[in-house]
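Work through the exercises below with the sequence and the model at hand. Try each task before reading its solution.

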Amino acid sequence: LLCFLVPAAMLACYLPAVALWLTGSAAWLPAESLAFTWWGAWNIACTVVLGSFWLESRRWLFFKPRQLLEEQTDLINVHRKVEGGSPGNPLTKKLSLLPGNQITSCDFSCKTLQLTRSIEGVHGLKVGHLSDIHFTGQFRYEHYAFVLERFNQWEPDLIVLTGDIIDQDKYSEWIVPLFSQLRAPLGKFFLLGNHDARVQHLDLVLTALDRAGFV
């Protein structure tokens, strides 16, 4: 609301000044608008301060880590691969129809890493990493079944599932049939995320993960 209502309110209050400014004024903000001046200064300060933290947290987008030797990415629209489609509710189905929307797509990324130190027995080790599965009902069971079947084709030696697995208790029944199909000779391991802590019966989730072969 703040992102859209504040600019709209500023525009409504200072429409004549804004119209004059847009038609060729050299001022950096509309004249005779103290609120615009303060708002502009606030936005610039936020951009400088918060933008710096954002760039630091996302520097890997611009500078690849030196340990990354090779990366291959395959973006698949699962919705087109699954009979009946991916969306599990009407809202998700509508969102999936928006141009450029990738809500039903899954990014399969294969990275070759060179460790900074030597560790015995890890040369050629394939680690399968799954994260933020989010069983919410937003996607159908078949959506996840396709993704995990495709994941299995990489034949990882070790699988790690790093949190945010489930958001609603009623989808805990999906865990055993879906995650049992995952195979890794060196084991399957998981940890929980903040979304998993929201379910009322976490013990059922932990029991299901154990039955699916996860440690």
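Two strands count as paired if DSSP finds at least two bridges between them; strands (E, at least two residues) and helices (H or I, at least four) are DSSP runs numbered from the N terminus. The model is predicted, with local features needing pLDDT of at least 70 and side-chain atom pairs pLDDT 80 or more, while totals for chains, interfaces and linings use all residues. Residues are numbered from 1 along each chain as its sequence is written, and side-chain values use heavy atoms, leaving out hydrogens and water.

**Exercise 1.** Determine the strand order of the open sheet and the sense of its pairing.

*Solution.* Step 1: strand E3 (residues 127-130) pairs with strand E4 (residues 158-162) over four bridges, in the parallel sense. Leu 130 lies opposite Leu 161 of E4.

Step 2: between E3 and E4 the chain passes through helix H6 (residues 141-152), a right-handed β-α-β crossover. Right-handed means that, with the strands pointing away from the viewer, the path from the first strand over the helix to the second runs clockwise.

Step 3: E4 also pairs with strand E5 (residues 188-191), again parallel and over four bridges. Here Leu 161 faces Phe 190.

Step 4: the order is therefore E3-E4-E5, with parallel pairing. E3 and E5 are the edge strands, each pairing on one side only.

**Exercise 2.** Find which residues of helix H8 (residues 202-211) are buried, and explain why they are on the same side.

*Solution.* Step 1: take buried as under 20% relative accessible area, exposed as over 50% and partly exposed as in between (1.4 Å probe, protein chains only). Val 205, Ala 208 and Leu 209 are buried in H8.

Step 2: these residues cover an arc of only 100 degrees around the axis, so they are on the same side of H8. The arc is that of the directions from the helix axis to the C-beta atoms.

Step 3: Asp 210 and Arg 211, on the other side of H8, are exposed.

Step 4: with contact set at heavy atoms within 4.5 Å, the buried residues of H8 pack against E4, E5 and helix H7 (175-179).

**Exercise 3.** Which residues does Phe 214 touch, not counting residues up to four places away in sequence?

*Solution.* Step 1: the residues touched are Ile 159, Leu 161, Phe 179, Leu 182, Lys 188, Phe 189, Phe 190 and Leu 209.

Step 2: Gly 213, with a positive phi near 95 degrees, follows H8.
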